[in-house]
Amino acid sequence: MDEKTIKGLPKAELHRHIEGCVRVGTVIDLARRHGLNLPSFDPAVLELSYKLRAPGASLSAVLGMFGLAQASFADYAAVERITYEALEDAYKKENIRLLELRYSPDFMLKGARLDWTKAHELIAATCAKFEKTSNMVCGVIVIASRSYGLASAEKTIAFCADNKKTVAGFDLADNESEFPSSLYKDAVQKLHRARIPLTVHSGEEGHFSQVADTIKALQPRRIGHGVKAADDASGRTVELVKRAGVTIETNPWSNYLTRAVPSVEAHPLKKFIAAGVKCTIGADDPEILDTDLNKEYSLAVNKMGLSLDDIRYTLRCAVEGSFLSPDRRQQAAKELGL
Ligand SMILES: [Zn+2]
């Protein structure tokens, strides 16, 4: 399928981090405005230390990229601008009609010590305003970063419960091997009681058994990445994902760059679909990972063997698995031609 056809397809995105959406030009502009240090103020040079373009970068290089993004959230105006630009890129450049953005307050707002409630209200209001002037529906998922420990997760969960009206869902992200899902078993009960939908980054690295552990300990509605589930040669893990009705938010290019899969062609998305698992396609961190849904769909069709029917299946799964309200999901289904 050619690029023009792919760009024209209406799309859905359930797995996108606001911290991974800061444009290079915006990093530079905000650094100038706030007197921040950058490796370079020349966009072409800065990209070398801001965009991950091939697998194999060291962890410190990748952390440096996210550090540049984090520093950009220098004040409330910056939070609003970055959120708006993320929405604009999704809508205009990728033709996205259903978008769930996510962010980790403890990470994103830490640098400038911004107030969580004030920043969150601004993000939610920016999404709501954008929704009114476009035919894209959107919502916000709040993340707790596993590596910040249990106390941070509990604080973030309490924050979600207090801001239920503007929180579409909750996500537990990053280092699963050191901070296993079982650690958060009790903490997420508060989410379930408050009926806040849960997604969990799981099976992005480490062993396939982590995916089963996540489903058993946390009962999430969705799993981010989940690629390791395909490593279980017995097929039991994929079967469990299917039986539990969990939707896997796949992010093929991201998995290739972090070496979760050896090549894009080896990504298990097609296998998941063939097994009847609910799957969606996402870009994860479009600016830092140098991708977007145009590229992800192109890889899915041209490298991973997905048909147009498979793409439509992922869109249906996105609408069904979305954390947005039923009326919004219905509107998205219409926009997506489902
Ligand atoms: Zn992610």
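This report walks through the sheet, some helix contacts and a few backbone details of one structure. The model is predicted.

**The sheet**

The 8 strands form an open sheet, and the order runs β1-β2-β3-β4-β5-β6-β7-β8. The pairing is parallel. Strands β1 (11-17) and β8 (278-281) are the edges, each pairing on one side only. On average, neighbouring strands of this sheet are turned by 25 degrees against each other, direction ignored.

Two pairs show the detail. Strand β3 (residues 137-145) pairs with strand β4 (residues 169-173) in the parallel sense, over 5 bridges. S145 has A173 in β4 as its bridge partner. Further along, β6 and β7 run parallel and are joined by 3 bridges. Here G224 stands opposite E249 in β7.

Strand β7 is covered on both faces. T247 and E249 are buried on one side. I248 and T250 are buried on the other.

**Helices on the sheet**

Helix α10 (residues 209-218) lies across β5 (198-202) and β6 (222-225). Its direction is at about 155 degrees to β5. Helix α15 (residues 308-321) also packs on the sheet. The strands that α15 touches are β1, β2 (96-103), β6, β7 (247-250) and β8. The direction of α15 makes about 100 degrees with that of β8.

**Two helix pairs**

Two packed helices are described by the angle between their axes and the distance between the axes. The table gives both values for two pairs.

| Helix pair | Axes come within | Crossing angle |
|---|---|---|
| α2 (residues 24-34) and α3 (residues 43-50) | 10 Å | roughly 105 degrees |
| α10 and α11 (residues 236-243) | 9 Å | roughly 25 degrees |

Take α10 and α11. Their axes cross at roughly 25 degrees, so α10 is roughly parallel to α11. The crossing is left-handed. V211, A212 and I215 in α10 meet T237, L240 and V241 in α11. By class, this contact has 5 nonpolar residues, 1 polar and no charged ones.

Now α2 and α3. Their axes cross at roughly 105 degrees, and the two helices are therefore roughly perpendicular to each other. On the α2 side, V24, G25, V27 and I28 make the contact; on the α3 side, P43, L46, E47 and Y50 do. These residues divide into 6 nonpolar, 1 polar and 1 charged.

Which residues of α2 are buried? They include V27, I28 and L30. The cover over the buried residues of α2 includes α3, α4 (59-72) and α5 (76-93).

**Positive phi**

Most residues other than glycine have a negative phi. Some residues here take a positive value. Just after α2, G35 has a positive phi of about 65 degrees. N95 is a residue other than glycine, and its phi is positive too, near 65 degrees. N95 sits in the loop between α5 and β2. D290 is not a glycine either, yet its phi is positive, about 55 degrees. The loop that holds D290 runs between β8 and α14 (293-302).

A buried residue would need 20 or more.

Note on methods:
Residues numbered from 1 in each chain as written. Predicted model: local features only at pLDDT ≥ 70, side-chain atom pairs only at ≥ 80, totals over all residues. Axes fitted to C-alpha atoms, helices over the stretch in contact; angles between N-to-C directions. Helix = DSSP H or I, 4+ residues; strand = E, 2+ residues; numbered from the N terminus. Parallel < 35°, antiparallel > 145°, perpendicular 65-115°, else oblique. Contact = placed C-beta atoms within 7 Å. Nonpolar A, V, L, I, M, F, W, Y, C, P; charged D, E, K, R; others polar. Pairing = 2+ DSSP bridges. Left-handed = near helix turned anticlockwise from the far one by under 90°. Buried ≥ 20, exposed ≤ 12 C-beta atoms within 10 Å, placed from the backbone.
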